[in-house]
Amino acid sequence: MGCRRRSLRRRHRGCRQWADGGCCRRRSLSPARSAGYQGNSALSGAAILTAEEMRAAEQAIFDSGVAPYALMETAGAAAADVIWRAGGVRDTLVLCGPGNNGGDGFVIARLLKARGVPVRVAATGESKTDSSQKARRAWAGPVENIADAAPATQIVDALFGIGLARGLDGALAQRLGELVDAAERSYAIDVPSGVDTDGGVLLSPVPRFDLCIALGALKPAHVLQPAAGTFARLICADIGIGANDAKAFLLTPPDLAEPAPDAHKYTRGLVDIVAGTMAGAGILAATAAAHAGAGCVRHLAPEPTSRLPNAVIMVTAPDAGAVTKALQDERIASVLVGPGLGRSDEARKRLSAAVTAGHPLVVDADGITLLEAAPDMLPVGTIITPHEGEFSRLFGEITGNKIDRAREAARRMGGVVVYKGPDTAIASADGRIAVWHGGSPWLSTAGTGDVLAGICAARLAVTGDPFLAACEAVWLHGEAARRAGAAFIADDLIAHIPAAVAARTQ
Ligand SMILES: NC(=O)C1=CN([C@@H]2O[C@H](COP(=O)(O)OP(=O)(O)OC[C@H]3O[C@@H](n4cnc5c(N)ncnc54)[C@H](OP(=O)(O)O)[C@@H]3O)[C@@H](O)[C@H]2O)[C@@H](O)CC1
Ligand SMILES: [K+]
């Protein structure tokens with residue numbers, strides 16, 4: 001065990017992938033700002049702040065002596081700079097709401113105009129905050145009524161940000177949609193107007209923007225569906241917000257290490273897959289585990305099969321007693337149970353054998369279903385990988401957004417929850433949360449969950465750290481899918497795991 005851990009110590013690289021200042025989803029922060037997050041193991045990505053946390057972070061800046069209007073100028077300048085670089089000199093219409101998001105819009109309009117961009121401004125009505133009134137006064141041009149404003153090549157949505165309290169009224173939502181549809185390029189300032197910042201849901205119809213410019217930090221709406229689907233690309237502009245107290249972070253690519261020079265298959269990690277009657281799922285999981293860095297994988301199934309890779313050791317374990325016996329091996333570094341397990345009484349016994357064996361554990365699929373709303377029966381540190389339906393069956397109703405639900409579930413079970421979906425929240429019982437989003441939509445195909453569970457088991461065997469293992473697995477799974485391209489099946493996905501591992505190995 002000690003040798004295995006020593007050989008696989010690793011560090012994440014912080015936000016190096018964003019150092020190019022690229023303007024795309026999952027490329028957002030400056031390296032200088034992200035450096036502050038590096039102390040949080042496996043959590044070196046961009047901070048995700050709720051509206052309340054964002055206001056607290058802003059207040060900290062004000063308390064340090066920065067005037068609110070100065071911060072608005074900083075935010076508007078950062079956004080204007082992005083729009084200038086992306087759009088250059090194109091006729092632009094900036095839509096301004098009554099609050100500080102609208103104030104940002106007036107600053108953006110003024111600064112773009114100063115750069116020679118033909119800019120018009122349309123507002124919903126009066127500006128209601130001190131800062132937004134100041135920004136409006138500094139805008140020297142006319143202010144049109146949104147209802148009558150002519151379309152433009154570029155649209156900037158500065159109607160509502162984190163202060164949106166309810167859905168837009170029908171006429172305004174429709175007008176916003178028409179203007180965005182008519183434009184060649186569209187930008188949402190901070191969040192697209194109509195999305196619930198914390199919930200990640202749509203409070204009224206929201207058009208799809210080309211680019212969302214998050215101000216200061218990411219918000220749940222930037223990473224959780226369906227809100228995260230309302231823009232094609234995302235950039236987070238640095239406005240000097242300190243987010244060291246953030247509880248949730250964007251998942252970043254892991255840094256993996258080669259096996260130690262003196263490694264052998266057991267020091268690299270022996271993974272046992274406790275399979276059941278539905279052979280395919282267990283085979284997918286075992287094959288994925290074997291491709292994700294484990295030293296050795298054993299497949300414990302009721303029946304022999306000829307469909308396993310030669311490198312996977314087939315162990316015929318016809319009943320739970322045989323599973324218990326096979327798991328009495330101190331070399332085992334992790335056990336996966338669930339894929340293809342079935343839901344019979346015998347499956348339940350096999351699950352029990354896996355759960356009580358005393359090894360680091362990953363539970364997926366039927367294993368989760370068989371727990372029957374008793375997640376606390378799992379050993380501390382277990383990784384579970386539920387999709388939406390499995391999560392609800394296991395934990396029942398938990399309030400809050402997906403990040404909140406994952407956090408509470410991890411606390412209740414005392415382990416790591418990989419709450420799967422197009423947005424996957426990875427939560428640890430100690431409160432750490434990483435969110436992965438923006439992956440290939442082709443992952444929505446049968447068997448990919450089994451592959452993810454197998455990768456989790458491999459990384460758990462390699463690292464001995466459940467949260468780190470889950471973070472690595474989710475990233476590797478998403479990266480393998482990206483490399484697999486379109487219309488792949490789960491079997492194809494496995495072939496791309498080694499390249500994903502290689503891409504992150506020093
Ligand atoms: N703090 C700072 O200095 C900085 C903040 N920054 C920026 O400020 C943004 C947050 O600003 P904010 O808090 O003023 O809220 P914001 O999103 O503009 O909207 C609130 C207004 O909208 C109104 N309203 C709400 N829902 C509505 C609806 N459905 N239909 C109609 N009206 C509705 C609401 O009125 P009420 O609910 O009272 O009726 C209120 O008047 C943030 O996202 C970032 O862009 C940056 O500049 C950095 C510096
Ligand atoms: K907005």
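Two residues are in contact if their C-beta atoms, placed from the backbone, lie within 7 Å. The views below show a predicted model.

**View 1. Contacts of Ala 289 in the largest nonpolar core.** Leaving out residues up to four places away in sequence, Ala 289 touches Val 271, Ile 273, Ala 294, Val 297, Gly 454, Ile 455, Ala 457 and Ala 458. Ala 289 and Cys 456 touch the most other members of the largest nonpolar core, which has 174 residues. Helix α16 (residues 466-484) gives the largest share of this core, 12 residues. The core lies between domain 1 (50-242) and domain 2 (270-503), because both domains give residues to it.

**View 2. Domain 1 and domain 2.** The protein chain is divided into domain 1, residues 50-242, and domain 2, residues 270-503. Taken over C-alpha atoms, the centres of domain 1 and domain 2 are separated by 41 Å. Eight residues from domain 1 and seven residues from domain 2 make up the contact. On the side of domain 1 that touches domain 2, four residues are nonpolar, three are polar and one is charged.

View 3. The shell around ligand 1 holds 27 residues, of which Gly 99, Asn 100, Asn 101, Gly 161 and Gly 163 come nearest. Helices α4 (68-87) and α5 (100-114) are the elements that give two or more residues to this shell. By class, the residues around ligand 1 are 12 nonpolar, 10 polar and five charged.

**View 4. The cis peptide bond at Pro 226.** Gln 225 and Pro 226 are joined by a cis peptide bond, with omega at about 5 degrees. Pro 226 is placed in the loop between α8 (220-223) and β8 (231-237).

View 5. Asp 190, a residue other than glycine, has a positive phi near 70 degrees. The loop that holds Asp 190 runs between β6 (185-189) and β7 (209-215). Asp 190 counts as buried because it has 28 C-beta neighbours inside 10 Å. Ala 487, also a residue other than glycine, has a positive phi near 55 degrees. Ala 487 is found in the loop between α16 and α17 (490-495). With 8 C-beta neighbours inside 10 Å, Ala 487 counts as exposed.

**View 6. Ala 461 in helix α15.** Helix α15 (residues 448-463) contains Ala 461. There are 32 other C-beta atoms within 10 Å of Ala 461, so this residue is buried. Apart from neighbours within four places in sequence, the contacts of Ala 461 are Gly 269, Leu 270, Val 271, Ala 294, Ala 333 and Ser 334. Between Ala 461 and Ala 446 the separation is 15 residues in sequence and 25 Å in space, C-alpha to C-alpha.

**View 7. Ala 427 in strand β17.** Ala 427 belongs to strand β17 (residues 423-428). Because it has 30 C-beta neighbours inside 10 Å, Ala 427 counts as buried. Not counting residues up to four places away in sequence, Ala 427 is in contact with Ala 406, Arg 407, Ala 409, Ala 410, Val 416, Val 417 and Ile 433. Asp 465 stands 38 residues from Ala 427 in sequence, and the two are 13 Å apart in space, C-alpha to C-alpha.

**View 8. Asp 329 and Leu 270.** The position of Asp 329 is in the loop between α10 (320-326) and β13 (332-337). Asp 329 has 13 C-beta neighbours inside 10 Å and therefore counts as partly exposed. Although Asp 329 and Leu 270 are 59 residues apart in sequence, they lie 9.9 Å apart in space, C-alpha to C-alpha.

**View 9. Confidence of the model and residues 1-43.** The average pLDDT of the protein chain is 90, and 91% of the residues score at least 70. The pLDDT is below 50 over residues 1-43, a stretch that has 90 contacts in the model beyond near neighbours in sequence. For the model, ipTM is 0.97 and pTM is 0.89.

Notes. Residues are numbered from 1 along each chain as its sequence is written. Chains are lettered from A and ligands numbered from 1 in the order in which they are written. This is a predicted model: local features need pLDDT of at least 70, side-chain atom pairs count only at pLDDT 80 or more; totals for chains, interfaces and linings use all residues. A nonpolar core is a set of buried Ala, Val, Leu, Ile, Met, Phe, Trp, Tyr and Cys residues joined through C-beta atoms within 7 Å. A residue is buried if 20 or more other C-beta atoms lie within 10 Å of its own, exposed if 12 or fewer, and partly exposed in between; C-beta atoms are placed from the backbone. Helices (H or I, at least four residues) and strands (E, at least two) are DSSP runs, numbered from the N terminus. Domain bounds come from an automatic or database domain assignment. pLDDT is the predictor's confidence in each residue, from 0 to 100. A residue is near a molecule or strand if its C-beta atom, placed from the backbone, lies within 6 Å of it. Ala, Val, Leu, Ile, Met, Phe, Trp, Tyr, Cys and Pro count as nonpolar, Asp, Glu, Lys and Arg as charged, and the others, Gly among them, as polar.
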